[in-house]
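Here is a short briefing on nonpolar and aromatic packing.

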Amino acid sequence: MSKIDVPALVAALNSRVNGEIRFGDGDRALYATDSSNYREVPIGLVVPFDVEALAEAVRVCQEFGVPITQRGGGTALAGQTTNYTVIIDSSKYCNRFLAIDLDRRLATVEPGITLDEVQKRCRPHGLRFGPDPSTHDHNSIGGMIGNNSAGPHSVVAGVTSHNVESMEIVTYDGLRLTVGWTTEAEMDRIIAEGGRKGEIHKQLKDLRDRYAGEIRRIYPKIPRRVSGFNLDSLLPDGNGRINLARALVGSEGTCVTVLRATLNLIPDPPSKVVLVVGFESVCHAADAACDVRSFGPDAIEGVDERLTDFMRKKHLHVDDLKLLPDGPSWLFVEFGGDSRDEAVAKARRLEDHLRGRPHVHDMRLVADPHEQGRLWKVRESGLGATAWVPGEKHDTWPGWEDSAVAPENLGAYMRDLLKLYDDYGYKPALYGHFGDGLIHCRVGFGLHTQEEVDTFRRFLTDAAHLVVRHGGTLSGEHGDGQARAELLPIMFGDDLVRAFAEFKAIWDPDNRMNPHKVVHPYAADSQLRLGPRFKPPHLESVFTYPEDGGSLTHALLRCVGVGKCRRHEGGTMCPSFRATREERHSTRGRARLLQEMLQGDPLGDGWRDETIHDALHLCLGCKGCKADCPVNVDMATYKAEFLHHHYQHRPRPRAAWSMGLIHRWARLLAPVWWAPNFATQTPVFGRLSRAAAGIAPQRPVPAFAAKTFRRSWTAPPNRGRPPVVLWTDSFNNHFTPEPLFAAAEVLDAAGYAVTIPRRNLCCGRPYYDFGRLDEARSTLKQTMAGLRRELDAGAYVVGVEPSCLSVFRDELPNLFPDDPEAKRLSGRSMLLAEFLEKVAHFDPPKLSGKALVHGHCHHKAVFGMGCDAAQIRKSGLDARILDDGCCGMAGAFGYEEDKYRVSLAIFDQGLGATLRQASPDTLLIADGFSCREQVEQLTGRRARTLAEVWRDALRHRTSHDPAGK
């Protein structure tokens, strides 16, 4: 490739392409990896605003002879979307759902749309797109087309290539056309018309005719073959037609750029049930898959005991594992029907067939949709559960993660594969689409030392020969990319591999479309993102990262690119990505930039790097990633660590001095509460004070209470009851004391002697948000000393503010991992609902009516909402615990002037949208101070804490029944 004139290319793209043109080091670093083992820093990035701009970007790159890679969700596991090219990201803007044809069961979409969005638009019509990989809530249709993706329901739907009707494409040399079904006569007519289109069709026909015999002889006749190109789609079907769109599906961006796709839809059964069958071993589950398939289910998924062991080690959906029958390995078999009875009857037939069979341990039929969803979470957790497993000797990686054989051969292949793993000392968890003969796993390749890399390479060769001996394929779902492309001669032979090269050259004669993937590939052990050449610097840290062996470097490498943080709804992470749809604002994007800091090129400024700072700037510190991310990336902690080093010996922003030191200011100003209120609540001084503090001018500032809770509250007599310390957090103590009064009253009613800390202590929460870790450590030392006497007496520390109590559970043991005082305080700190449920065994007063419960992000991520749900259920309140993500305030975040609009966008997309639909008389429960402020400021509604709801109900009960009966 000749030297690229990057400045001229950038100028041309800026002048001609309607989109974001990004060639800075930060963006290049951000897109240097995908979800695979590979890393290659791209030339630059184009984010087109529409598909016309996407096509124009291709034309400009062609004029400069620059290679390109089209990228969607960036979830490729074989290295397809990391390359020294111009990356064109279609996921941010080119994501429209264009049309649905109900009569023909077709949907037309742009390549960047997520699968879940397609399903959401089709579901009201009783239809869906058949392929449904586990990344369905964040992968793109364009990526599915590139990889020829499938999913659990492929036993009825097949792979993506079976479900694409047509595609609008553009070739690298500028030809724009729609490809789909073509008869021989139509092909001859196109050839006769000449031109570039005629030339392509002529060459394809010639290629087919020359290689037809080899294609028929060598291509395996199995449900899941996505290795190689779909040259078999060039062979006429029973009606004498070929489908060029399907021939291009699975070409991994090496041939054409997809602008639009028309997809076949299938019926979505209104009723579904899942029969879970426990087997003696995973091999026996594999043996049964073909037999089970004969009963006509919609999905047949396998899970082995190591996967569930890994889930327990990682505390991943552990409660959902209780739904499994006796195992230790399982098949999940789904049946659909027009009615529940029909679906159940289908499942019962299989259940009757399997009952008493050898190696079948137990069965459970699950008809409840909610429980089915929980079961599918177990299966969908496979990739995340098998990455970064605590206590495992080696880190696990993809590479041999989706080999497939005919279902009837699966058991035999699996036994031989397990023996091969054992020979190499690998012990992966196995799961996958057993109904289609496909095995998923991540393997402990390590990939850090040269010895590990050499062993990895030998294993891949041996594994390729093994699967071919069993009549299978190197890849049944994830594609070849770089991971398996050099192994293709083992499966297809040299002649068909030459045919793949000819197929690519027909579409891309200049070899500029994602070069060195599939065709003329890089070696599987080159361009590794780790490997023996990766020599990261030693980073001194304030946090100790006990879950990562005390290594900040190891912690920063946790992200393997699953991309779950890019989903658009459900769960907590990642609020800022949902608002901006920008990769750098996803947990994955931020993690990748921190990883690139370790690489040192192109990001070479270490802790001072402004690109990383800018990416972290919109991180809300919500901790959603620590709970929601399958590899438990803890971006809130990494952000605090980074900011601590970034601002050493440098001036901090105004907000770090105003809101970052809120405990100090509040303590100082409480005696003269009227003074700060005058400065913040009056129009003129309010504007000046907000500007000085770095607060958005649109934001009302909470008023100081005339009397703090600590000054107003009097402890009731002890009466020999067990002690409990009510944590008087700065927010409620100084601004809204009522929740603390309520909590004290509820704890008293629960039979406890309530006390408060003798000194006005602080958890230090705002310090973490602004990276003030020296102050945080000092503050926590004071807090541990200040609570020692109460803890010695056996007291629990109970609070109502989740952001404060979460410090004791999360940051405290990370800062003081070997301190017994820290361990004790962490173990005896609880939110009110958790204490009432687990310790006090409190029976709440009976209530009626409807309620919405919004959990603070730290509440959901660190404590979970299970105890709140249990307490509310006992009360009889008709409550729904919301899954709307973050409210957008997140402590100081929503107040900062340069974050205000993002804060509003986050609220509007989640909680705000729900509240707009809620009846005015629906009770809203929210324990988080910042959540209540956001709700009141943006809707005028007053949210109440659980403590206040319980307190009022207790008073009501007492007033109607003084005897308390």
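In this predicted model, Phe 678, Val 684, Phe 685 and Leu 688 make up a nonpolar patch on the surface.

**Surface patch**
- Helix H28 (residues 683-693) is the main contributor, giving three residues to the patch.
- Phe 678 belongs to helix H27 (residues 674-681).
- Phe 678 has a relative accessible area of 48%, so this residue is classed as partly exposed; exposed would require over 50%.

**Nonpolar cores**
- The largest nonpolar core holds 213 residues. Met 167, Trp 400 and Phe 503 have the most contacts inside this core.
- Helix H18 (residues 488-507) supplies the largest share of this core, with ten residues.
- Another core, of 34 residues, lies apart from the largest one. Its members include Ala 750, Ile 756, Ala 840 and Ala 947.

**Aromatic pairs**
- The whole structure contains 27 aromatic pairs.
- In one of them, Tyr 421 and Phe 459, the ring centres are 5.3 Å apart and the planes meet at 15°, so the pair is stacked.
- Tyr 421 is in helix H16 (residues 410-424) and Phe 459 in helix H17 (residues 450-469), so the pair links parts 38 residues apart in sequence.
- Both Tyr 421 and Phe 459 are buried.
- One aromatic cluster consists of Tyr 219, Phe 229, Phe 492, Phe 500, Phe 503 and Trp 507.

**Charges over rings**
- Arg 241 places its charged end over the ring of Trp 181, 3.9 Å from the ring's centre.
- Arg 772 lies over the face of Trp 657, 4.3 Å from the ring centre.

How values were computed:
Residues are numbered from 1 along each chain as its sequence is written. This is a predicted model: local features need pLDDT of at least 70, side-chain atom pairs count only at pLDDT 80 or more; totals for chains, interfaces and linings use all residues. Side-chain values use heavy atoms; hydrogens and water are left out. A nonpolar core is a set of buried Ala, Val, Leu, Ile, Met, Phe, Trp, Tyr and Cys residues joined through side-chain atoms within 4.5 Å. Buried means under 20% relative accessible area, exposed over 50%, partly exposed in between (1.4 Å probe, protein chains only). Helices (H or I, at least four residues) and strands (E, at least two) are DSSP runs, numbered from the N terminus. Patches are made of residues with over 30% relative accessible area and no salt bridge: like charges are joined within 9 Å, nonpolar side chains (Val, Leu, Ile, Met, Phe, Trp, Tyr) within 5 Å. Accessible areas come from the Shrake-Rupley method with a 1.4 Å probe; for residues, only the protein chains shown count as cover. A salt bridge is a side-chain nitrogen of Lys or Arg within 4 Å of a carboxyl oxygen of Asp or Glu. Rings of Phe, Tyr and Trp (its six-membered ring) pair if their centres lie within 6.5 Å; planes under 30 degrees apart count as stacked, over 60 as edge-to-face and the rest as tilted. A charge sits over a ring if NZ of Lys or CZ of Arg is within 6 Å of the ring centre and within 35 degrees of the ring normal.
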